[in-house]
Amino acid sequence: MQPLGAARLRGFVLLVGASSAESRLLGSVLVSLLSVELERRHLADEPRRRHRTAVLARLFSAEISASRADALLASVNLPARPLRAVAVRIATDTALAGVRRPEATTPSRAAGEAAEVAADLALAIPGGLARVAGDSVEAVVPDGTDTLALLARFAPGRPAGIGPPVAPQHAALSLRQAVALLPVSKEAGRPVTATEAGSVRLLLSLGSPALLASFADTTLAPLDAADPSGELLETLRVWLETNGSWAETSALLGLHRHTVQNRIAKIGKLTGRRMDRAEDRVDLWLALRAREAAGQ
């Protein structure tokens, strides 16, 4: 198995039966020729990439009509359908948590890597709309594209935000949200989509197991002490998940309605929370979810 590419890894070739000195020499020549050809094609595609970068810049304009956006997509052979913007941060200090990079990324190296990532994405994304913007790479992908797989292949270990699907004329709005997700992505250690940005699951993923366990124990400790069997916690969980429905909680737990009401009242008394106040309900629900996330 031999790597292909000169400035950047662009693929592999599998040499079968290269056991003799002559075949190994021919294999080396073949690898060199293929690497040169790949680099030639990469450079030959530069005018096309410049054109599509200009198209993307116009698509990201704050004010663009639907007809103009559709025409821009047609010029790169893309149908007028919802798009997602993607932003990838390429800088000296933005490797995702837990990802070890082989060497330090200097500003000049970051600029070169950004250009390579943009070129790779331009080849892989339908329509090829990708560009370098400062220390980031920005792109649009048709809704339905496996964007996470593309990022894992061409921008591994880099913070990435994926905006919501929007009509083509609103691509700038999707991009704004994608860029805003970059700090969240860095903390989460993975690409983050707009649809999950406000979710409790993402919020909990940003905390360490020890921090989550501490928050949960502090909030739920009175219930743990008063009811080691966990009946109160289970009643609380079901009641919160049914949005405080006495009837649904009673049915799901097989308890009389008054039993459920008495347990919830007891929970409020033990924790010092008002069970009819949204803020207190949210705190208790977050504590339950934090305990689940911490594996307790």
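Ala 87 sits opposite Gly 161 of strand β6 in this predicted model, where local features need pLDDT of at least 70, side-chain atom pairs count only at pLDDT 80 or more, and totals for chains, interfaces and linings use all residues. Residues are numbered from 1 along each chain as its sequence is written, and side-chain values use heavy atoms, with hydrogens and water left out.

Strand β3 (residues 83-89) runs antiparallel to β6 (residues 160-162), and three bridges join them. Strands (E, at least two residues) and helices (H or I, at least four) are DSSP runs, numbered from the N terminus; two strands pair if DSSP finds at least two bridges between them. Helix α2 (residues 46-59) packs on the sheet and touches β3, β4 and β5 (136-142), its direction making about 75 degrees with that of β4. Helix α6 (residues 171-180) packs there too, touching β3, β4, β5 and β6, at about 35 degrees to the direction of β3. Contact means heavy atoms within 4.5 Å; axes are lines fitted to C-alpha atoms, for helices over the stretch in contact, with angles from 0 to 180 degrees between N-to-C directions.

As for the whole sheet, five strands make it up, open and mixed in pairing, in the order β4-β5-β3-β6-β7. β4 (130-133) and β7 (192-193) each have a single partner strand, so one side of each is left without a neighbour in the sheet.

Val 88 touches Asp 135, Val 137 and Leu 182, among others, not counting residues up to four places away in sequence.
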